[in-house]
Amino acid sequence: MSTSDVPSAPSHRPAAVVVGGGLAGMLAAAALSGSVGHVTVVEQDALPHGPEPRSHLPQARHAHILWSGGAEAMEQLLPGVTEAWLAAGARRIPLTSQMVALSPQGWYRRWRDSHYLISCGRDLLDATVRERVRGLPGVTVLDSTRVIALEGSARRVTGVRVRRADGSEELLPAEFTVDASGRGAHTRRWLGALGVPAAREDVIDPGVVYASRVFRSPAGTQSFPVVNVQANARASAPGRTAVILPIEGGQWLVTLSGTRGARPTGDPDAFAPFALGARHPVVGRLIADAEPLSDVSTFAHTASRRHFFEKVRGWPEGYAALGDAVAVYNPVYGHGMSVAAQGALALREALATQGVTAPRLARRVQCAVAGPVRTAWLLAGQDIFYPGATARRPHAVERFVGRCVDRLIHTSTGDYTVATALTDVMTLTAPVTALARPGVLVAALRGPGRPPLANPPLTERELALVQSPQKTP
């Protein structure tokens with residue numbers, strides 16, 4: 001157990017509990033800390049005190065992108081966190097000048113910058129957030145402690161019952177409880193035990209498997225761009241992706257993925273050949289002679305899954321879910337962390353304007369959390385066109401939305417207006433309605449103003465590295 005050195009607020013002020021001490025849970029604690037007297041974060045793992053792996057976070061070994069919309073939400077919740085990431089070695093990569101990306105419709109151009117992403121290993125990112133939240137007044141972290149049930153009724157959640165590592169149980173009362181327990185959340189079972197109606201669930205599972213490995217970045221590549229070869233869900237062949245993410249310590253984190261029929265494995269000898277078999281071999285060529293610094297890690301629990309909690313009638317007071325407890329996405333889209341951050345920011349804004357005891361606060365929070373979830377789900381929903389991704393065929397609305405997204409992506413390969421609008425949405429800087437602005441729609445109808453690129457838009461210096469990986473370009 002770790003506790004802030006700052007004395008807790010008077011006991012008459014409301015208390016809050018956060019279920020889950022991962023990134024979403026820590027951000028939720030930051031959101032709550034200014035509106036309640038005390039926040040208790042309950043985490044089943046023994047949390048590390050530095051940038052070290054967590055036992056129940058296998059996806060941390062794979063590429064994580066923190067888009068600017070998520071980074072800015074975290075900065076509002078924890079002022080100075082961006083500077084702390086950069087001081088620890090993370091990179092702030094401008095978009096789109098520092099991204100070489102093959103979309104399903106062709107190569108994107110490297111337009112002038114309008115957005116950015118934060119690039120580093122997940123352990124570093126989480127540890128930086130965790131350290132700052134531990135220092136907030138009135139925040140206590142109970143790790144190695146498991147939540148076994150919610151307390152209260154279908155009308156109001158009044159706290160949680162926990163079991164500590166020694167087997168003892170305890171009731172933690174709370175005026176407000178946030179469920180940030182992650183992709184393995186027991187949310188539906190806990191709510192069902194109180195008599196809350198089950199939320200509708202939607203699942204899209206193209207059967208993606210991820211394989212990642214860390215390499216030493218070749219000499220002279222400190223400012224090398226992100227390289228992202230995407231799959232095409234409409235193609236008849238299985239989808240393959242290949243990504244190079246420059247991270248701290250002069251390293252490249254390389255993540256590959258494949259859908260049913262073309263899944264990568266943990267075999268190190270098969271890693272580079274798999275990358276060469278993507279829609280373009282640029283990633284495979286870049287890593288062909290690079291020095292590996294890790295084994296190959298794989299991850300297969302990649303189905304996109306959304307719970308429509310905002311639509312549940314009679315949602316209980318004093319309780320909200322956010323982050324992966326609400327929705328998880330195919331990691332290729334890189335939205336999980338940013339959606340969690342924006343959900344936590346929505347929680348803080350609701351608390352600041354209404355107070356923790358305001359009637360129907362929990363429902364308003366849950367509806368606000370659904371905003372960024374909806375945007376990310378629309379983009380991840382394109383996976384529905386992979387064979388076997390769902391038990392049903394895409395319905396008419398999904399097919400129409402898919403055609404619209406295809407048209408926007410096609411146009412963005414040769415039109416700055418549409419490319420910027422699409423980047424607005426992809427980075428969660430703007431809602432999906434930004435794509436319906438008149439100027440964007442007119443440009444999309446007109447189509448790309450420039451011819452498609454035949455090859456990746458690499459500079460001469462970057463191209464030299466592709467041709468001779470271990471030489472300074």
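Two strands pair if DSSP finds at least two bridges between them. In this predicted model, strand E10 and strand E11 (residues 157–164) run antiparallel and are joined by 7 bridges. One of the residues involved is Arg146, whose bridge partner in E11 is Arg163.

E10 and E11 belong to an open sheet of 3 strands, in the order E10-E11-E12, with antiparallel pairing. Strand E10 (145–152) and strand E12 (169–173) are the edge strands, each pairing on one side only. From one strand to the next, the twist averages 25°. Strands of a sheet pair through backbone hydrogen bonds, either parallel or antiparallel.

## Nonpolar cores

The largest nonpolar core has 92 residues, and the members that touch the most others are Leu32, Trp85 and Leu347. Leaving aside neighbours within four places in sequence, the contacts of Leu347 include Leu32, Phe176, Leu322 and Val365. Ala28, Ala31 and Val178 are also in contact with Leu347.

Another core, of 28 residues, lies apart from the largest one; Val226, Ile247, Val405 and Ala443 are among its members. In soluble globular proteins, nonpolar side chains tend to be buried together.

Which residues of helix H13 are buried? In this helix (residues 460–467), they are Glu462, Leu465 and Val466. Seen down the axis of H13, these buried residues fall within an arc of 105°, so they line one face of the helix.

The buried residues of H13 pack against strand E18 (251–258) and helix H7 (282–287). Glu460 and Gln467, on the other side of H13, are exposed.

Conventions
Residues are numbered from 1 along each chain as its sequence is written. This is a predicted model: local features need pLDDT of at least 70, side-chain atom pairs count only at pLDDT 80 or more; totals for chains, interfaces and linings use all residues. Side-chain values use heavy atoms; hydrogens and water are left out. A nonpolar core is a set of buried Ala, Val, Leu, Ile, Met, Phe, Trp, Tyr and Cys residues joined through side-chain atoms within 4.5 Å. Buried means under 20% relative accessible area, exposed over 50%, partly exposed in between (1.4 Å probe, protein chains only). Contact means heavy atoms within 4.5 Å. Helices (H or I, at least four residues) and strands (E, at least two) are DSSP runs, numbered from the N terminus. Axes are lines fitted to C-alpha atoms, for helices over the stretch in contact, and angles run from 0 to 180 degrees between N-to-C directions. The arc is that of the directions from the helix axis to the C-beta atoms.
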